[in-house]
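Please read it alongside the sequence and the model.

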Amino acid sequence: MANKAFTLTDPESGRTSELPVVEGTLGTPGLDIRKLNGEMDVFTYDPAFTATCSCESRITYIDGANGVLLYRGYPVDQLAEKSSFLEVAYLLLYGELPDQGQLDEFVNAITRHTMLNESLTKFFDGFHYDAHPMAMLTGIVGSLSAFYHDTTDIRDPEHREIFARRMIAKMPTIAAAAYKHSVGQPKMYPSNDLDYTSNFLRMLFAVPAERYEVDPIAAKALDVLFILHADHEQNASTSTVRLAGSTGCNPYAAIASGIAALWGPAHGGANEAVLTMLNQIGDVSQVPKFIEKAKDKNDPFRLMGFGHRVYKNFDPRATIIRGYCHQVLEHMGMENHPLFELAMELERIALEDDYFKERKLYPNVDFYSGIIYQALGIPVNMFTPMFAIARTVGWAAHWCEMQNDPGMRIGRPRQIYTGSPKRDYAPIDKR
Ligand code: ACO
């Protein structure tokens with residue numbers, strides 16, 4: 001807390017309120033308005049939270065104007081190039097990079113907790129074959145709380161740690177099982193001799209009747225994608241996890257609420273929506289028509305995978321993924337695939353267009369991730385579950401941070417009421 005403060009004056013009564021400035025280590029400071037309502041009898045009004053900090057956090061820093069993303073202070077491009085997803089998971093959870101012994105212990109613990117309780121695997125059978133994997137993910141993760149009573153004392157640091165590790169370990173198994181259910185194939189058990197992403201690819205694509213060799217380039221590309229999606233400070237799904245978690249609910253229930261929030265096309269559902277959009281556009285010749293549709297205020301169509309609430313410069317994750325995108329396409333021999341040519345043309349035209357330039361609308365992480373997933377043969381309805389696997393780390397880290405905060409209270413926003421003034425009940429024959 002700095003000494004600086006803003007003074008707010010009510011022009012009618014002359015009452016004033018001192019609003020202290022809260023400084024972080026980096027970035028824009030905040031005004032502490034907690035006394036405002038008591039002193040001035042006003043609320044602040046900020047629908048969609050465009051100017052509101054909901055908490056203090058040490059996990060992730062974003063500078064949207066300059067396209068900077070730091071995990072615990074480390075630039076995400078360095079982590080994507082030099083680290084691994086599980087090392088990044090350790091960093092996000094514990095705050096520091098692990099030494100070799102710490103990393104080995106962590107990786108071993110995650111690897112050995114990937115199996116699901118057999119009773120839980122039966123839950124999938126209750127879903128219709130065409131259920132979206134995100135619907136299954138939400139339900140199955142929510143039901144984990146019925147299995148793990150050993151991790152529901154949210155005040156116990158050991159319980160919190162077991163929960164975080166268990167969640168990270170089991171998420172790929174749950175996501176792969178959801179996919180297998182939707183295509184009617186047997187669910188694959190995890191394989192402890194494989195690394196995190198190779199194991200996931202095997203559970204997704206292998207069948208018991210055949211040998212399956214994991215493509216190391218695909219596993220590496222996925223590992224980088226997971227690093228880039230691991231956390232993004234107070235985004236919609238993480239804020240949902242925090243708000244649910246602030247009630248003291250079971251942590252698995254809080255993560256399930258985050259998964260539900262992630263699914264929307266304005267958030268994690270955008271990667272799936274990008275592919276749907278590219279298929280809808282269909283051909284390079286149609287790009288100008290769809291660019292015009294995106295600019296037309298009377299048309300609900302938006303360029304999916306473009307724009308971001310915080311990044312008003314290039315999304316640094318998109319820059320890294322773009323490079324990988326080209327590598328993966330080349331590796332898969334797909335660089336001339338019509339869908340990818342279409343995506344590149346869309347990106348080129350949009351980046352030159354004044355509408356997008358003036359509004360600072362650049363391709364975001366999900367524009368390219370959808371293309372890589374497609375090139376890796378991952379089914380479109382699994383794109384958002386891929387995001388959910390990676391973001392589980394961020395959700396768990398934020399939930400743990402929040403529970404560890406002695407000042408934590410239930411989150412409870414207020415509103416400006418615009419409904420009817422008080423009125424009396426009328427009997428039905430008098431209405
Ligand atoms: N296509 C066309 N126009 C757009 C787009 C787009 N993708 N995104 C924003 N705009 C326009 C808006 O119409 C608005 O124009 P106006 O000022 O003339 O009214 C202006 O840009 C600002 O847009 P807002 O909707 O106010 O920006 P907001 O911060 O609320 O929304 C969001 C950000 C949801 C990401 C938005 O850009 C969007 O819908 N993008 C497409 C969906 C998407 O890719 N989501 C993934 C986000 S990244 C993630 O979650 C991992």
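## Overall form

The protein's secondary structure amounts to 18 helices and 6 strands, where helices (H or I, at least four residues) and strands (E, at least two) are DSSP runs numbered from the N terminus. Its radius of gyration is 23 Å, close to the 22 Å that the globule rule gives for 431 residues, so the protein is as compact as a globular protein of that length; the radius is taken over C-alpha atoms, and the rule is 2.2 Å times the number of residues to the power 0.38. Along the principal axes, the C-alpha atoms fill a box of roughly 80 × 65 × 55 Å.

This is a predicted model, in which local features need pLDDT of at least 70 and side-chain atom pairs count only at pLDDT 80 or more, whereas totals for chains, interfaces and linings use all residues. Residues are numbered from 1 along each chain as its sequence is written, and side-chain values use heavy atoms, with hydrogens and water left out.

## Burial, contacts and charge

Of the 431 residues, 48% count as buried, a term that means under 20% relative accessible area, with exposed over 50% and partly exposed in between (1.4 Å probe, protein chains only). The protein exposes about 21900 Å², of which carbon and sulfur atoms supply 52%; the areas come from the Shrake-Rupley method with a 1.4 Å probe, and for residues only the protein chains shown count as cover.

Among contacts (heavy atoms within 4.5 Å) with a separation of 6 or more, 69% are between residues 24 or more positions apart. There are 41 positive and 53 negative side chains, and the centres of the two sets lie 6 Å apart, with Lys and Arg counted as positive, Asp and Glu as negative, and His and the chain ends not counted. The place of a charge is taken as NZ of Lys, CZ of Arg, CG of Asp or CD of Glu.

Strand β1 (residues 5-9) pairs with β2 in the antiparallel sense over 5 bridges, pairing being assigned if DSSP finds at least two bridges between two strands. F6 stands opposite L19 in β2, and in the hairpin of β1 and β2, with 6 residues between the strands, G14 takes a positive phi near 80°.

Three strands form an open antiparallel sheet in the order β4-β5-β6. β4 (60-63) and β6 (74-75) stand at the edges with a single partner strand each, so one side of each has no neighbour in the sheet.

Four bridges join β4 to β5 (residues 68-71); D63 stands opposite V68, and I62 has L69 as its bridge partner. The β4-β5 hairpin has 4 residues between its strands, and G67 in the turn has a positive phi of about 65°.

## Helix α17

In α17 (residues 365-375), 10 of the 11 residues are buried, so the helix is largely enclosed by the rest of the structure. The buried residues include F367, Y368, I371 and I372, and their cover includes α9 (216-229), α12 (270-281), α14 (316-331), α15 (338-352) and α18 (383-404). Just after α17, G377 takes a positive phi of about 80°.
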